[in-house]
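These are my notes from going through one structure. I list what I looked up, in the order I took it.

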Amino acid sequence: MSITQSLASSISISSSSSAFFVPTSFVPRFQNVQFPAKSIGVCKCVATPQEQETVFKTKVSRNANIGKLQAGYLFPEIARRRNAHLLKYPDAKVISLGIGDTTEPIPEVITSAMSARSHALSTREGYSGYGAEQGEKPLRTAIASTFYREFGIEDDDIFVSDGAKCDISRLQVVFGSDVTMAVQDPSYPAYVDSSVIMGQTGQFQKDVEKYANIEYMRCTPENGFFPDLSSISRTDIIFFCSPNNPTGSAATREQLTQLVKFAKDNGSIIVYDTAYALYMSEDNPRTIFEIPGAKEVAIETSSFSKYAGFTGVRLGWTVVPKQLLFSDGSPVAKDFNRIVSTCFNGASNIAQAGALACLSPEGLKAMHEVIGFYKENTEIIVETFNSLGFKVYGGKNAPYVWVHFPGRSSWDVFSEILEKTHVVTTPGSGFGPGGEGFIRVSAFGHRENVLEACRRFKQLYQ
């Protein structure tokens with residue numbers, strides 16, 4: 001037995017005990033034992049340079065257009081800052097009124113239909129695999145009859161999808177890189193970012209916070225958040241959202257008539273986003289196709305996300321009328337159909353069952369009740385900021401409140417509110433240079449959270 005083994009057997013020590021490392025008065029009984037001398041070599045520690053790590057690189061060039069994008073996409077960046085705030089204040093109750101994500105449960109009449117379709121998939125009779133890329137015919141028919149009955153839109157003009165945001169990018173693929181585009185300023189950032197990625201723009205110009213080759217249609221309180229079309233240059237594509245995200249404003253019939261005429265005079269195509277049309281309180285058009293001649297110049301995209309709580313379920317649609325033609329006379333719908341058939345295998349059949357239930361009499365009633373709840377939240381937020389003396393816009397026709405902080409940086413206001421109230425909002429400049437000096441407050445939230453957030457706003461700014 002070696003001396004170390006003998007020592008180990010003579011002393012009972014737990015290797016997991018910290019007592020092993022503290023001084024002790026214990027004297028081993030073999031302290032006077034003599035051991036033969038043994039020559040000991042000198043051990044030298046020599047630092048050797050670490051081999052340089054070589055990283056394998058392919059010969060594939062990066063898409064230079066993606067390199068033009070500034071920072072991250074707006075909402076992931078907000079999430080990153082929220083997470084950093086939680087690390088700093090782990091015990092804080094953070095309330096999110098930033099990203100437009102719904103919070104209330106999906107009505108049971110809708111989830112029951114999805115559940116039934118899901119269970120049917122486990123039977124021979126109810127199983128279905130791939131469906132039509134354009135969507136199931138009963139749903140396309142229901143969308144046409146519910147939203148477009150009086151406006152000449154037929155079921156085969158409708159393409160069902162996994163959401164309006166996805167269709168915006170598919171439309172950009174249809175248009176290609178050689179088109180010019182205009183966008184409301186401020187506006188939903190996906191329009192601009194998808195245009196940059198497609199190569200339709202120049203470089204980002206930091207001095208004006210704009211991309212070259214995009215026509216930014218400034219929308220301000222002074223012009224009622226509708227651009228002065230007489231000052232706008234001609235572009236091939238015009239992205240337009242009403243009710244607008246982020247300002248909450250809705251275009252009037254007269255304004256949309258001007259927009260359609262502007263597009264016709266210029267030979268442009270309008271991509272009209274109506275994701276919030278059912279929130280409309282005033283007598284404004286809920287679809288661009290209420291305007292005579294719109295079918296010849298407009299595409300419309302919409303979604304069940306903010307109506308039925310489908311932000312996670314994913315179901316939307318896009319209308320491409322047969323009358324809409326490219327300059328060579330070919331139908332835009334034909335090319336969009338090709339892109340959809342190539343890039344998409346169709347929306348989930350379970351989600352489509354839910355969407356069909358949304359459009360039943362009971363489903364429409366349930367959706368309007370949920371929308372009514374969020375509109376009440378909006379009123380609470382509007383009243384709060386009005387009482388604090390702020391200029392407040394939106395709130396009537398959309399679930400967003402657009403609050404003005406003149407002379408201040410939007411990101412600074414965002415940071416101040418987050419730091420001092422633990423409430424997440426959205427900086428207006430994230431929607432374009434026209435949003436600088438504003439923040440967007442979302443009405444999507446549980447009622448108790450909205451009330452608590454408003455109490456904190458009052459505490460901060462009263």
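Overall. I began with burial, and buried residues make up 48% of the 462 residues in the protein. I kept in mind that this is a predicted model. I then took the secondary structure and found 13 helices and 15 strands. For the contacts with a separation of 6 or more, I noted that 74% are between residues 24 or more positions apart. The exposed surface comes to about 23,800 Å², and carbon and sulfur atoms supply 53% of that area.

Helix α7. I checked the length of α7, residues 253–266, against its residue count. At 1.5 Å a residue, its 14 residues should span 20 Å, and the end C-alpha atoms are 20 Å apart, so the two agree. Next I asked which residues of α7 are buried. They are Gln-255, Leu-256, Leu-259, Val-260, Phe-262 and Ala-263. Because they cover an arc of only 155 degrees around the axis, they sit on the same side of α7. I looked at the other side of α7 and found Glu-254, Lys-261 and Asp-265 exposed there. For the packing partners of the buried residues, I have β7 (237–241) and β8 (269–273).

Helix α10. I turned to α10, residues 349–358, and counted burial. Eight of its 10 residues are buried, so the rest of the structure largely encloses this helix. I wrote down the buried set as Asn-349, Ala-351, Gln-352, Ala-353, Gly-354, Ala-355, Ala-357 and Cys-358. What do these buried residues of α10 pack against? I found α3 (108–120), α4 (137–147), β2 (158–161), α8 (305–308) and α11.

Cysteines. I searched for disulfides and the structure holds zero. Cys-358, in α10, has 0% and is buried. Cys-343 has 51%, which makes it exposed because the cut-off for exposed is over 50%.

Strand β15. I looked at residues 438–442 and found β15 mostly covered, with five of its five residues buried. I sorted them by direction: Phe-438, Arg-440 and Ser-442 point one way, while Ile-439 and Val-441 point the other way. I noted that both sets are buried. I then asked how many bridges join β12 (residues 400–404) to β15. There are five, and the two strands run antiparallel. In this pair, Val-401 stands opposite Val-441. Strand β14, residues 426–427, is also antiparallel to β15 and is joined to it by two bridges. There I have Pro-427 opposite Ile-439.

Leu-388. I ended with a loop residue: Leu-388 lies between α11 (361–387) and β11 (392–394). Is Leu-388 buried or exposed? Its relative accessibility is 15%, so I count Leu-388 as buried, the cut-off being under 20%. I looked for its contacts, leaving out residues up to four places away in sequence, and found that Leu-388 touches Phe-457, Lys-458, Tyr-461 and Gln-462. I also took one C-alpha distance: Leu-388 and Leu-460 are 72 residues apart along the chain, and their C-alpha atoms are separated by 9.9 Å.

Notes. Residues are numbered from 1 along each chain as its sequence is written. This is a predicted model: local features need pLDDT of at least 70, side-chain atom pairs count only at pLDDT 80 or more; totals for chains, interfaces and linings use all residues. Side-chain values use heavy atoms; hydrogens and water are left out. Helices (H or I, at least four residues) and strands (E, at least two) are DSSP runs, numbered from the N terminus. Buried means under 20% relative accessible area, exposed over 50%, partly exposed in between (1.4 Å probe, protein chains only). Contact means heavy atoms within 4.5 Å. Accessible areas come from the Shrake-Rupley method with a 1.4 Å probe; for residues, only the protein chains shown count as cover. The expected span of a helix is 1.5 Å times one less than its number of residues. The arc is that of the directions from the helix axis to the C-beta atoms. A disulfide is a pair of cysteine sulfur atoms within 2.5 Å. Two strands pair if DSSP finds at least two bridges between them.
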